[in-house]
Amino acid sequence: MSSESLTFHRLGCHHPSQLVLPDLRSKDCPKILDTFKNAFIAKNACDITKEDYEPLLHLADQTVPCNKTLFWSKSKELAHQFTRVQSGLFTLEDTLLGYLGDDLTWCGDARSAELNHQSCPHWHECPSNPVSVFWNVISQKFAESACGVAQVMLNGSLSEPFSKYSTFGSVEVYNLDPRKVHTVQAWVMHDVGETSSNSCSSVSINELKLIVSKRNMTFTCQNNYRPARLVQCVKHPEHSSCASNI
Ligand code: NAD
């Protein structure tokens, strides 16, 4: 189990204001908790299916307004710092289900009706574990519901800012609906202090561009998108790359 197990104190119906929750009070929290547990309790922890989470998806259905979805890959901290200040833009973790599962590990056991507090399979061990299946289904749903412009924050400090093996690269990008999403806008962010380079022209970003274009959406890319750069600069105000006039 992770440092925090799925005891769901997050489901006490107290939630941070940045969540995109039209009205959480109208949602029945104990029922959501029960439905979440029923997806994996008393089941083999390597044998979870998408269908197991169907009732939960149905119950906690949420949509983000058009143009307001932010995907991310290998840039979780900055993406979340950014949506905290840029209210009106939402990551998956700013929605109810993503918020509930973020940073947690959970599983059950076929021989017990309790949460397994001893050990849960690592996601490399068996792909059909409760945590991976959960992220796959909710990431898919999150992508399917996007409309207008979809933003994605990528990590330009890595040799491959876009990875086709990531959840963004294997699930989300393929579940955007080109009838609803006209543009995918990538923000490739570099660590402050790194020698500047334009990752938008890299092989890796080009791979993403090809996937997006083939799926009939427009692709745009910005290196060190300034509003997000300003968030990075809060911690490095003296650095030369942060010193340009506001
Ligand atoms: P990433 O490689 O930075 O992975 C993000 C986190 O998800 C990491 O902690 C990683 O260990 C974990 N993760 C990735 N694939 C997993 C899997 N199959 N099973 C269990 N954990 C897994 O970026 P990514 O893979 O592109 O995922 C980020 C994107 O997908 C975001 O756009 C988000 O909407 C969604 N997502 C979020 C989380 C999360 O932990 N909050 C996890 C998976 C997917």
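User: Which helix gives the most to the lining of the second largest pocket?

Analyst: General idea to start with: on a 1 Å grid over the protein atoms alone, a pocket is an open set of points where a 1.4 Å probe fits, with protein on both sides within 12 Å along at least five of seven lines, and lining residues have an atom within 4 Å of a point. Helices (H or I, at least four residues) and strands (E, at least two) are DSSP runs, numbered from the N terminus. Here, α3 gives the most, with four residues. α3 covers 76-85, and both α3 and α8 (226-233) supply at least two lining residues. This is a predicted model, so to speak for itself: local features need pLDDT of at least 70, side-chain atom pairs count only at pLDDT 80 or more, and totals for chains, interfaces and linings use all residues. Residues are numbered from 1 along each chain as its sequence is written, and side-chain values use heavy atoms, with hydrogens and water left out.

User: How much space lies in the second largest pocket, and which residues are closest to its centre?

Analyst: A volume is the space filled by probe spheres set on the points, with grid points joined across faces, edges and corners. That gives about 370 Å³ here. Of the 16 lining residues, Glu77, Leu78, Gln81, Asp191 and Gln232 are the closest to the centre.

User: And what about the largest pocket?

Analyst: About 940 Å³ of space lies there. Its lining has 35 residues, with Trp72, Trp123, Ser132, Trp135 and Thr167 nearest the centre. α5 gives the most to this lining, with eight residues. By class there are 18 nonpolar, 11 polar and six charged residues (Ala, Val, Leu, Ile, Met, Phe, Trp, Tyr, Cys and Pro count as nonpolar, Asp, Glu, Lys and Arg as charged, the others, Gly among them, as polar).

User: In what order do the four strands of the open sheet run?

Analyst: Strands of a sheet pair through backbone hydrogen bonds, either parallel or antiparallel. The cut-off is at least two DSSP bridges between two strands. In this sheet the order is β1-β2-β3-β4, with parallel pairing. β1 (69-73) and β4 (218-223) are at the edges with a single partner strand each, so one side of each has no neighbour in the sheet.

User: Over how many bridges do β2 and β3 pair?

Analyst: Eight, between residues 148-155 and 181-189. Methionine 153 stands opposite tryptophan 187 in β3.
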